[in-house]
Amino acid sequence: MKKTLIIQTSPMHTASTLLVNALYGLFPFLRDKRIVGFWEPEWWNEFNSDIIVLKSHNLDIDWFKKHFGLHYKLIFICSERKDKNLFINEKYKDLENVICFDYFELNETKKNTLPNIVQIIQEKIKQKFPNLELNSKTSLQRILAMNEEYEQIKEKPFSFVNEFYHIHGSHRNRPNSLTQ
């Protein structure tokens, strides 16, 4: 039986960091693991389970299918942001193994609380993949811990990275540029 490879891939500035941390929390066996990306194949062995969750900003889902589709059951969990013109290609959105969130579903506000955000994420995943065992409590705990850590590093430069949560200093509300 193939392992499940969940690829959280989204454009930058679309709440992808919150989304990937929510995913790591939804799977209780991952809640205490650092975020792993495709750029770190040596860390893939950290996943001692049938589910692997990786973060990427490579939006070419066809590339992932070509390179990993024979060996893994692939699931893509994405986010996009219409107000900044940051989208997932339309050709992928109707695929049975793709879930796409709008930035405003993931953005915390007074009306859209963190528990509500976790519920939205969990419900969308459960609709498409009812056999996945998800835990909203551990997801919320991970996001709250990520937010606490961000408070400790928010004044640091963007080049400072907390690799566990994959958050940077000055991560939030930064301009849409790659130079920080």
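At what angle do H1 and H6 pack, and how far apart are their axes?

1. The angle between H1 and H6 is about 135 degrees, and their axes lie 7 Å apart.

2. Who meets whom here? On the H1 side the contact uses Thr17, Leu18, Asn21, Ala22, Tyr24, Gly25 and Leu26, and on the H6 side Ser136, Thr138, Ser139, Arg142, Ile143 and Met146. By class, this H1 with H6 contact holds 6 nonpolar, 6 polar and 1 charged residues.

3. A word on confidence before going further. This is a predicted model, with a mean pLDDT of 90 for the protein chain and 90% of its residues at 70 or more. Please treat residues 176-180 separately: pLDDT is below 50 there, and the stretch has 7 contacts in the model beyond near neighbours in sequence.

4. Helix H1, spanning residues 16-26, is mostly covered, with 11 of its 11 residues buried.

5. The contact of H1 with H5 comprises 9 nonpolar residues, 1 polar residue and no charged ones.

6. The remaining pair to look at is H5 (residues 114-128) with H6 (residues 136-153), which pack at about 130 degrees with axes 10 Å apart. That angle makes H5 oblique to H6, and the crossing of H5 and H6 is right-handed. H5 contributes Leu114, Pro115, Val118 and Gln122, while H6 contributes Ser136, Ser139, Leu140, Ile143, Leu144 and Asn147. Sorted by class, the residues of the contact of H5 with H6 are 6 nonpolar, 4 polar and no charged.

7. Is Ile125 buried or exposed? This residue of helix H5 has a relative accessibility of 1%, so Ile125 counts as buried. Leaving aside residues up to four places away in sequence, Ile125 touches Leu23, Leu26, Ile77, Ile99, Leu132 and Leu134. Its C-alpha atom is 9.6 Å from that of Val98, a residue 27 places away along the chain.

8. Most residues other than glycine have a negative phi. His13, however, has a positive phi near 70 degrees, and it sits in the loop between strand S1 (3-9) and H1. The relative accessible area of His13 is 16%, so His13 is buried.

9. Ala15 belongs to the loop between S1 and H1, and its phi is positive too, at about 70 degrees, although Ala15 is not a glycine. With 18% relative accessibility, Ala15 counts as buried, because the cut-off for buried is under 20%.

Definitions and conventions
Residues are numbered from 1 along each chain as its sequence is written. This is a predicted model: local features need pLDDT of at least 70, side-chain atom pairs count only at pLDDT 80 or more; totals for chains, interfaces and linings use all residues. Side-chain values use heavy atoms; hydrogens and water are left out. Axes are lines fitted to C-alpha atoms, for helices over the stretch in contact, and angles run from 0 to 180 degrees between N-to-C directions. Helices (H or I, at least four residues) and strands (E, at least two) are DSSP runs, numbered from the N terminus. Angles under 35 degrees count as roughly parallel, over 145 as roughly antiparallel, 65 to 115 as roughly perpendicular and the rest as oblique. A crossing is left-handed if the near helix is turned anticlockwise from the far one by less than a right angle, and right-handed if clockwise. Contact means heavy atoms within 4.5 Å. Ala, Val, Leu, Ile, Met, Phe, Trp, Tyr, Cys and Pro count as nonpolar, Asp, Glu, Lys and Arg as charged, and the others, Gly among them, as polar. pLDDT is the predictor's confidence in each residue, from 0 to 100. Buried means under 20% relative accessible area, exposed over 50%, partly exposed in between (1.4 Å probe, protein chains only).
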